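Please read them against the model.

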Amino acid sequence: MNAPANLLNLDEFERAALAVLPQAVYDYYAGGAEDEVTLRENRAAFARYALRPRVLVDVSRIDSTVELLGKRIAGPLLIAPTAFQKLAHPEGELAAARAAAHRNTPYIASTVSTTPIEAIAAAAPGSNIWLQLYVFRDREITRELVQRAEQSGCRALCLTVTVPVQGKRERDARNQFSLPDGIEMANFSGLRQAQLPEGKGSRLEAFIQREFDDSLTWSAVEWLASISSLPILLKGICHPQDAELAIDHGAAGVIVSNHGGRQLDSAIATLDALPAVADAVDGRIPVLLDGGIRRGSDVLKALALGATATLIGRPVLWGLAVGGQAGVDAVLSLVLDEVARVSALCGLRSPTSASPDLLSRI
């Protein structure tokens, strides 16, 4: 399947995906918690900043590459972890990982992917695969998954810290969200954790309530470090004091994230949370950001406010739905091209040189 050549921006990819996805699947991917205030604010926050370009700068060569965890990547962009990618396309995570490898972009595989971590890593040998983690009540399940990720060549662990319980996702409850026959949480094939439990409403919510450890504390970071030599990043840091604690507990990086507006509604938009987190970190570890990135200018604004790089999640799913691997490749190419173009128009030879004086608050 080829990505439609007439899709010129990420919003057009979303509209094309809506036309081919079942409504319940689209709602699962697109939806947020409760009134979806935070979902909307993640995008609206970028519109509160204008760019203040410099001129008469030689921008004949733009270097968008970024050094992250000891590896140089194509640009300040990663693929965020998103669950159940075979709902978007039969090749699911394999297609997305291959596209990421082609674009030298890190791919963060979800704990609840529909392809096992070994197969994801094998799909793109030598690529930059990370594993996103939830910690289960049964720690041995998490321990085994971490060991498998390390043996498969994953380069980092990304601990999501925003889901002690699931946010109230009303679209999923209304649709009684579940997984169709033939699709499972493949990292747990053969275990009860591979399938969502029976019940009314969202069966994913029932799964999280049954399986995820809601007693998780900062000691979990130290526990993960004790069972793996991989760098650990914490995804879901929005408060500067938590950024300090992350460093104190050995985190190799933090991701400013509110889980795409899917957990705590009325939580601060990630771009609004970023400056205080970046100030608290003060360059000691990488600070990444997700939530609301839809344009290259959004990426540049995040870098100007202190981010090392950014993540996109939903747009990758839209690309996957409309074109499989080619669709994801097209999404990544579009964003990376926009980052380079906007950098040139702002008088920057590299997007990583963006600083706060690039921005004017509207």
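1. Where is serine 228 found? Serine 228 sits in the loop between helix 9 and strand 8 (232-235); helices (H or I, at least four residues) and strands (E, at least two) are DSSP runs, numbered from the N terminus.

2. This is a predicted model, in which local features need pLDDT of at least 70, side-chain atom pairs count only at pLDDT 80 or more, and totals for chains, interfaces and linings use all residues. Residues are numbered from 1 along each chain as its sequence is written, and side-chain values use heavy atoms, with hydrogens and water left out.

3. Serine 228 counts as buried because its relative accessibility is 9% (buried means under 20% relative accessible area, with a 1.4 Å probe and protein chains only). A polar atom of its side chain lies 3.0 Å from the backbone nitrogen of leucine 230. Leaving out residues up to four places away in sequence, serine 228 touches Val146, Glu150 and Leu157 (heavy atoms within 4.5 Å).

4. The largest pocket holds about 580 Å³ of space and is lined by 31 residues. Val161, Thr162, Val163, Pro164 and Gly236 lie nearest its centre. Strand 7 (156-160) and helix 9 (219-227) are the elements that give two or more residues to this lining.

5. The second largest pocket has about 180 Å³ of space and a lining of 13 residues, with Ala30, Leu39, Arg43, Arg294 and Arg314 nearest its centre. Helix 3 (residues 37-47) supplies the largest share of that lining, 4 residues.

6. On terms: a pocket is an open set of points on a 1 Å grid over the protein atoms alone, where a 1.4 Å probe fits, with protein on both sides within 12 Å along at least five of seven lines; lining residues have an atom within 4 Å of a point. Grid points are joined across faces, edges and corners, and a volume is the space filled by probe spheres set on the points.

Terms used:
Buried means under 20% relative accessible area, exposed over 50%, partly exposed in between (1.4 Å probe, protein chains only). A polar contact is a pair of N or O atoms within 3.5 Å; within protein, one must be able to donate a hydrogen and the other to accept it, and residues adjacent in sequence count only if both atoms are side-chain atoms.
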